[in-house]
Amino acid sequence: MAQLTLSDLSKKMAKLDFAMLATHDASGALTARPMSNNGDVDYDGDSYFFAYEQSRKIADIRAHPQVVLSYTGAVGMLGGPPLFIAIEGHATLIQDKSQFEAHWTKDLDRYFPDGIDTPGVVMIRIHADRIRYWDGGEEGEVAA
């Protein structure tokens, strides 16, 4: 079977809006929560999310920047198996509003009513170290 490229995976990820972001909490235990990729799907190995700076996930990332993202797609055509993606990476917190603009979508205004000027908003950039996927009978690893 052919190995997917990062470009191939990007096209498939365009249909997956939500990921589970797993971080390590203060005790070292894993904790996960859903995050929207905000339609930011031109995937090049970096994922971008927005959150409030005072949220637990931001405290977790500050203490332990190694994170995991997991995506699951809908059942494939004709009832085939869905796409699964697991991304291990390192998170960086960005507070530069000029960088927010490149990844902001109008849908985010639902959560951040003043847009990029919402007090306490921070962008999370996750750089992939390892990407694994399972797509029907295919599975593999893509270099980021």
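View 1. F18 has S36 as its bridge partner in β2. The two strands involved are β1 (residues 18-24) and β2 (residues 30-36), which pair in the antiparallel sense over 7 bridges. Pairing here takes at least two bridges found by DSSP between the strands. The hairpin leaves 5 residues between its strands, and G28 takes a positive phi near 95 degrees. A note on what you're looking at: this is a predicted model, where local features need pLDDT of at least 70, side-chain atom pairs count only at pLDDT 80 or more, and totals for chains, interfaces and linings use all residues. Residues are numbered from 1 along each chain as its sequence is written, and side-chain values use heavy atoms, with hydrogens and water left out.

**View 2. Strand β3 alongside β6.** β3 (residues 46-52) is mostly covered, with 6 of its 7 residues buried; buried means under 20% relative accessible area, exposed over 50%, and partly exposed in between (1.4 Å probe, protein chains only). β3 and β6 run antiparallel and are joined by 7 bridges. Look for S47, which stands opposite I126 of β6.

**View 3. A128 and its surroundings.** A128 sits in strand β6 (residues 121-135). Because its relative accessibility is 3%, A128 counts as buried. Setting aside neighbours within four places in sequence, A128 is in contact with Y43, G45, D46, I87, E88, G89 and A144 (contact means heavy atoms within 4.5 Å). D44 is 84 residues from A128 in sequence, yet the C-alpha atoms of the pair are 9.0 Å apart.

**View 4. Stepping back to the whole chain.** The protein has 3 helices and 7 strands, running α-β-β-β-α-β-β-α-β-β from the N terminus on. Helices (H or I, at least four residues) and strands (E, at least two) are DSSP runs, numbered from the N terminus. Its C-alpha trace spans about 50 × 35 × 25 Å along the principal axes. Of the 144 residues, 41% count as buried. Among contacts between residues at least 6 apart in sequence, 64% join residues at least 24 apart.
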